[in-house]
Structures are given as structure tokens and as C-alpha cells.
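Biologist: I would like a close look at one part of this model, the aromatic rings and what surrounds them. Please take it step by step.

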Amino acid sequence: MMWRAGGTAGGKQESEVFDEEPDAQRFKDLVNGHGQNWPPGWIRGQGFVAEQRRAETMFEPFALAYIDRLTGIQGDTRAKYKKDVLDNMVPWFGPYSVEGGEGSILRTMVQDWVNDLEVGRLAPLDPPDRKPRTAYKPKTIHNKHGLLSAIMQSAVDAETSLRASNPCAKTRLPRLDSTEDEEEIVFLEREEWAWIHECMAEDAKELGETIAETGFRWGEATALQPRDLRRRNGRPAIRVQRAWKKDEDGKSVLGPPKTRKSRRTVVITHKLDRMLRRRAKGLKQDDLLFTGPEGNKWDPGTFRRLRWVPAIELAAEKYGLIKRPRIHDLRHSHASWLIAAKVPLPAIQRRMGHESITTTVDTYGHLLDALDDEVLAAVEWAMDPTAPLPGFLEHSGLSSATGALPRVPHQSSDPAQETWKGVSDMPPNATEHRDGPVFVVTLGGREVPFADRQHAQDVADQWNDDHENEITVMTADGWPEEKIARHGALGPEERERWAGGGSVWTRMPERQFVYSALASYEADGTLTYEPLPVSSRWTWEFEPDGFTTRAAEFRTEFRPRGSTEAHARGINRSAVSRAFEQARVEALEACAKHSEVDLANVKA
């Protein structure tokens, strides 16, 4: 076999001689796998030096023996590691030894392996007719590299060290984008989960409800038994003490939870407790609370295919659900709801069964940005004795602990006492623009004119950035172009003059992240519909129906046909929640007054 070193026309002519064609073909694959260079450890005319290549330290038997010795892992994990070694490592490292010296695995070989995994390139020992390999994502490559590094480190750490250093050290791995993990996790809003729950089949609703309310893993929820229903400090609770897992043959078996801290007791609502105890009636203490249609354990693949995916598709059709969550995303959504309610991270860690607080922070830390307003309120309260106690500390016991301190007079700044400002109270949105062309941007179906093209372009770009995820998902899901266009920005379009309503913007409008809440009451004080949770979105100054710069404000408005609306909005979520409660109180008072007037008219 002949080749030029490095695969270049000017490379040194190299050659090797074999007695059998299959041996020559195998060597050719090794040369190609190492960039048209001699395979490390190969001696011309001799091959790999035999004494440096003991059978027990060749990569495959050494790696499999290392995995067999691992403790504290589940059977299916051990089987997965072995499959990874055979499928994604042996075709590269099979002919080499983990020992140092001739025929050893080198750092350059590990780097080439990583590069091959990233692009889905065939391995040196793959047959030419093999189907293309999968190009792995960065996170997957990091995981596989971690396993290889652990195997090679065991050779370094052996009682009689087999090599001086780990060839996996300093490998350049694909960059993990900060958004990659976030894209894999789908966080559901509470109303989105309500849509999915309504669309689920009846025999699946209560299992979904249990996972969403507890944050349990699938294997934990489906392993629950009547004896797990407990009480803690007088509250209903569930004891997690087993979970479904698989042995090395792939058979499902009941065993201990994932980690030591996964064995935990979780408090639950009285509603969920009643439902679970109803299911437990007539069952033995070690029977399963949740079973499939045939009375056996729920198979996750069957549940996903026949219960979960149809519910997602129906919710998309019926309510316009855009997200495509996995069942496990109910666990992530549960944690996000706790964070939104300002539950401390250590409490979330214990409830989720995370072995370390680091896992909790790494998984959900980015959601803590939602608490920026509360953090600033706490800092302001700590640094300014005249500042009011932040709303989220009112029930913490801190108020009573400081009750004996001298009071510093201050003026109440409770935003709930402010009334809604009208559009006439807003600063002017633009000066009069009479001459010259205008540049019109269509934003979510609304035309907004600008005197300056750059202002128009900047607003259009920012609008598309704000709605990028939504538009991407709609496009991927095949929504009609006209519906997608109504969510994005079109333009700017140059026109000779502005003939629409309102004035032309001659400056860059302001932009705020605004929270809002709405409830509607019939004339008799009953809710027209169940109030939606506090929602939020970026709003612009040219959207007077949504824009504000206040921490919170509210209004009550009597509507035609006798209904009354309570509406609150603002840039501080906690303040908006308090303002919303005040608005609801006033809306009910308004309903009562209208009822009295109607009754008086009837008597007259």
C-alpha cells in the first residue's frame, strides 16, 4: 500500500507491504483515519509492537472491564455505557492499547475522534458500505468524551500506572451554546398545562396531574403505591422510596430512586391527596396506583404515543398551543412555577430530589431573572429605612421581628392606590411631522409611522427579536404565512406621506416589559370566566393599551351588558399582583352598586 504523507501532492512517498489483502485494507483504513499518516505506534515492516500490546490492556477489553467495575449505577446505565464503547469508541481505538508507549492511544487520536463525532464521519475501522453515522450534538459529544476520559484516567490511576497522562486532557470540545440546554427544556405556563390537561384522555389525566403537581420523574410517579401516601407536619404528603428502572437486559424492575436524595417526602395539596386516596381504595399496599389500560405498569413509550402526543396536538388545534413539551417537561415546569412563586432554591432542591444544589442552579438558575424586581425591592428596603417592607417579605416573620424598632415616618408608596392613567396623561408620542416621506412598519397588524428610517428599522428589528421564538415555532409547525406575518414586523415601507390616524414618530419610542392581569364579573358579582394568571410581554410606547412605566396601576371599568372588568398592569410583578387584588375588590363593589341601582329602579 502506498500513499503520500499528510495526503498532499508534495508529501513524502510512504509504503507498507502485506501478505494478505484484508490486512492491507485494514491498514489503509487506519492511515486514512489518521489523516494519511502512519498510525501511532506502528513500526514499518513490524506492525504494532507485540509486547506493548497486551491483550488485557487493549482498549475494548480494558474499557468493558472498567464499566463492569463501576458501582452505584443502574443496570440500564451500565448497558448504555457498554454500547457506547462498542459503537462509538472501539471503531476508532480498537487496535490501540491504553498503555503508554508504542501502539498507545494518543491525544491527537482523541481530538480526531471528537471531530469525527461532530460531523458524523465514518470511523477508521468502519466498513466502506456502512450507513452514514449520526452527527452528534455538542452536549452528547461532551458526555461521550467524559466516559472516554474516565476510562483513560483509570489507566493513569491504576495501582501500577499504565500511562503517565490522560490523552483526553485538553481536548478541544464543541462549544456548548448557552441556549442549548434551555432549548431542550420546555417550561409550560400554568394555562398551557391546563389546556393540555383538558385535552388528555380520561385514563391519563390523573397521572399527568400528579407529575405536574409534584415534579416527580416518570419512573417515580408510575411506581407510587398506596403505602406511599403519608402525612408530614399534619399535611398530606407522598414518600418517594422506589422508581422504575431497567436492568442490563432492558427489563423494567422496581428499585431505589435515582440518587440518595431522591428518596424524599413531598407535601401535596389536599385535592391531590383526595384523588390519590380514592385511587388507593381496594388496592393492596404494594399495588401500583397508576396502571395502563391492561392493568400493568404504564410503558413510557406507549403513554407518550397514545396519550401525551394526541393531547399536545389537540391543545395546539383547540387553543393554539405552540410549545411541544415532553412528559418530563412537566417536572421542569413544576420547578419553574415554584421559582415564580419565590420558593427558595434549597426547598426546590429537596422537593425535586436533586443530589446537589448545583444541579438545581444549573438547570433553573436562568429563571431567577424573573425575581429581579424582588431583589431590588429587598435591597432598597435594607438600605433605606423609609422604604416599605417588600411584599414578598410580609409573611416571612421579618416584619414582626423588627416591630420593636423605632419607626421612621414615611409616605406610603403602595402602587395599588394609584388609578389608571388615561392616554391623555401620557407624554406626547411625537411632534407634528408634515413634510417629507414617512417610513411605516407593520407590527402585529398595526401600522406605525416614523420620520426617520433608522428608527423604523430599529423598532422592526427589536420587534422580531422579541417574537423570534414564537415565529420560529409557528414556522416549524407549518402555520399559514399570513398568520405568521401578523406576529412579526414588516417593513419599513417608505410612503410619500402619512394618511393614517395619529402623528408620526420623530424619536425612538420607549419599550417596557409589562405584567398584566384581567378579570371580568357579571352584574351579580359572579366571575364571567376564571381569571388568567399574570401574563407578561414587551410593550412599546405606541401601544397605549398595554404600555406603562409605573410599578403597577389598576382600573375597574363598567362594560356594556352589565359586566365589570378589573384590570392591572405594571413593570413590577409583585406590585401588579397586589394591584390586581385591589382592582377585583373594587370591581365587586361596583357590581353591588349597580345591583342596588337596578333594584331601586324595579321598585320605582
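Which residues form one aromatic cluster with Trp3?

Modeller: The model is a predicted one, and what follows should be read as such. Trp3 forms one aromatic cluster with Phe18 and Phe27. In total, the structure holds 11 aromatic pairs. One of them joins phenylalanine 18 to phenylalanine 27, with 5.2 Å from centre to centre and 45° between the planes. Phenylalanine 18 has a relative accessible area of 23% and is partly exposed. Phenylalanine 27 is at 1% relative accessibility and is therefore buried, the cut-off for buried being under 20%.

Another aromatic pair consists of tryptophan 195 and tyrosine 319. Their ring centres lie 5.5 Å apart and their planes make an angle of 10°, so this pair is stacked. Tryptophan 195 belongs to helix α8, residues 190–199, whereas tyrosine 319 belongs to helix α12, residues 300–319. The pair therefore ties together parts that are 124 residues apart in sequence.

Lysine 144 lies over the face of tyrosine 136, at 4.7 Å from the ring centre. Arginine 511 is placed over the face of tryptophan 538, and here the distance to the ring centre is 3.6 Å.

Phenylalanine 439 has phenylalanine 450 in β11 as its bridge partner. Strand β10, residues 438–443, runs antiparallel to β11 and is joined to β11 by five bridges. The sheet itself is open and has three strands in the order β11-β10-β12, with antiparallel pairing. Its edge strands are β11 (446–450) and β12 (489–495), each of which pairs on one side only. On average, neighbouring strands of this sheet are turned by 25° against each other, direction ignored. Helix α18, residues 453–466, packs on the sheet and touches β10, β11 and β12. The direction of helix α18 makes about 165° with that of β12.

Terms used:
Residues numbered from 1 in each chain as written. Predicted model: local features only at pLDDT ≥ 70, side-chain atom pairs only at ≥ 80, totals over all residues. Heavy atoms only, no water. Pairing = 2+ DSSP bridges. Helix = DSSP H or I, 4+ residues; strand = E, 2+ residues; numbered from the N terminus. Axes fitted to C-alpha atoms, helices over the stretch in contact; angles between N-to-C directions. Contact = heavy atoms within 4.5 Å. Phe/Tyr/Trp six-rings, centres within 6.5 Å; stacked < 30°, edge-to-face > 60°. Buried < 20%, exposed > 50% of the residue type's maximum accessible area, 1.4 Å probe, protein only. Lys NZ or Arg CZ within 6 Å of the ring centre and 35° of its normal.
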